[in-house]
Amino acid sequence: MARAMKMKIVYLHQYFNTPEMTGGTRSYEMAKRMVAAGHEVHIVTSSTDGRMPAGQWTRDRIDGIHVHWLPVSYDNTMGYMRRLISFTQFARQAGRYAAAAIDADIVFATSTPLTIAFPAVKVSRSQKIPMVFEVRDLWPEVPIAMGALNFPFAKTLAKRLEKWAYDNAKHVVGLSPGMCDGVARTGYPRDRIHCIPNSSDIDLFNVPESEGIAFRAKRDWLESRPLVLYAGTFGKVNGVGYLVEVAAAMSQIDPEVRFLAVGRGLEVQSVRERARSLGVLERNFFIEDAVPKAEMPALLSAATVSLSLVIPLKELWDNSANKFFDTLAAGRPIAVNHGGWQAELIRNTGIGIVLDHADPAAAANSLHAFLDDSTALKNARQASASLARERFSRNKLATELINVLEEAYLDGHSSKDRLASERVRGEDK
């Protein structure tokens, strides 16, 4: 439903995806709802598939969203230094372009990478409009914990960039309670921090059971067997090799249970080799390429349990993984191998199971007991669907985000009016 207030929003996100692409679609889904609420949305993003002319901005219109693409080389197999070059290249050009080409009322920037703050602040200052900053991962805590920022000077510089980004924002949005706590630790005011996690696209994932049956029927290794699914990136953060260890242990407990890992990333080959060395590749452990978001509903419909994995670093527990909320939207049990707010949510609501990261054999035993308990599976499915509707509906959380943007817009414009009035009073004197 359209609102009386109408804003022209510059939405900066380096890695914007539509449902026809692989990867998360939070920005697409949020922007689509901003348009439905009566706002004009301009996504400024990068294209990484090589289909657009190098060095040239290309404009597109997708479901009412104005999308501005800049070709920038990037994929999730890159090392940290090559990624940093990509981040810097986009930040420099996006700031110049958006400041000059889009006359806006507000700028909304979403990380990662944290370098998205550079074009956001440039647009905000050059056009004298408010900026709202969204934190999807706690930078620099995560790269420091991962060893990507090894030198004291780099750590100091990254922390200063983080604080500078927040200090230039009217409001900050965090995707988990831990992320919001991290923002507050920098001294940013609590009353301007908003926790709006990733969301469940209930309508998208509410598909007939026949889609999951059809997916299974195409794979003679699966058919009606229990399926443990991981659908996501094979990156250092994810540690998908853990799943191979669990599959190897499960092969001794119940060889009928199947594991499927779907995705791309730096560690696909190492995961494949580890599965081969343990004798589970193409036996009870299978790997398939990443699929577009539009194909995820059939994939999740086929799953008995869906997984969200990270390596054992506490700094990663504050994540807000898309796969977690997609699983809820599909009404499927979720399993994680880490602590933090999502693990507590599982324990408190009965939507799935928390696995022991330090002991894959123990994890396999726990997982087998869960898969073998039809009542627990049924209850988890119902609890997942209920939680998706009641707490994590995309429509509900998009409304919360739009309210934050509208509040920032009103705050920013009232400030401009006060400044204008003060200038007039000064001239009258």
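Where is N284 found? Select N284: this predicted model places N284 in the loop between α10 (268-277) and β11 (285-288). Is N284 buried or exposed? N284 is buried, because its relative accessibility is 3% and the cut-off for buried is under 20%. Now show the contacts of N284. Beyond neighbours within four places in sequence, N284 is in contact with A247, S251, P255, V257, R258 and F259.

**The sheet**

Next, switch to cartoon. Look for an open sheet of 8 strands with mixed pairing. Trace its order: β3-β4-β2-β1-β5-β6-β7-β8. At the edges sit β3 (58-62) and β8 (193-195), each pairing on one side only. From one strand to the next, the twist averages 20 degrees.

Zoom in on β7 (residues 171-174). Strands β7 and β8 pair in the parallel sense over 3 bridges. Pick V172: its bridge partner in β8 is I193.

Step into the loop between β1 and α1 and select T18. T18 has a relative accessible area of 5%, so T18 is buried. Leaving out residues up to four places away in sequence, T18 touches T25, Y28 and I62.

**Salt bridges**

How many salt bridges does the structure hold? There are 17. Visit three of them.

Select E134 and R26. They form a salt bridge, with the closest N and O atoms 2.9 Å apart. E134 lies in strand β6 and R26 in helix α1, so the pair ties together parts that are 108 residues apart in sequence. E134 is buried at 0% relative accessible area. R26 also counts as buried, at 0% relative accessibility.

Move to E245 and R274. In this salt bridge the closest N and O atoms are 2.7 Å apart. E245 is in helix α9 (residues 241-253) and R274 in helix α10, 29 residues apart. Color by accessibility: E245 is partly exposed at 26%, and R274 is partly exposed at 36%.

Then go to helix α16 (residues 394-428) and pick K396 and E400. Their salt bridge has its closest N and O atoms 2.9 Å apart. The two residues are 4 apart in the helix, which means a separation of about one helical turn. K396 is partly exposed at 36%; E400 is partly exposed at 29%.

Last stop: select D201, K293, D326 and R394. Salt bridges that share partners join these residues into one network.

Terms used. Residues are numbered from 1 along each chain as its sequence is written. This is a predicted model: local features need pLDDT of at least 70, side-chain atom pairs count only at pLDDT 80 or more; totals for chains, interfaces and linings use all residues. Side-chain values use heavy atoms; hydrogens and water are left out. Buried means under 20% relative accessible area, exposed over 50%, partly exposed in between (1.4 Å probe, protein chains only). Contact means heavy atoms within 4.5 Å. Two strands pair if DSSP finds at least two bridges between them. Axes are lines fitted to C-alpha atoms, for helices over the stretch in contact, and angles run from 0 to 180 degrees between N-to-C directions. A salt bridge is a side-chain nitrogen of Lys or Arg within 4 Å of a carboxyl oxygen of Asp or Glu.
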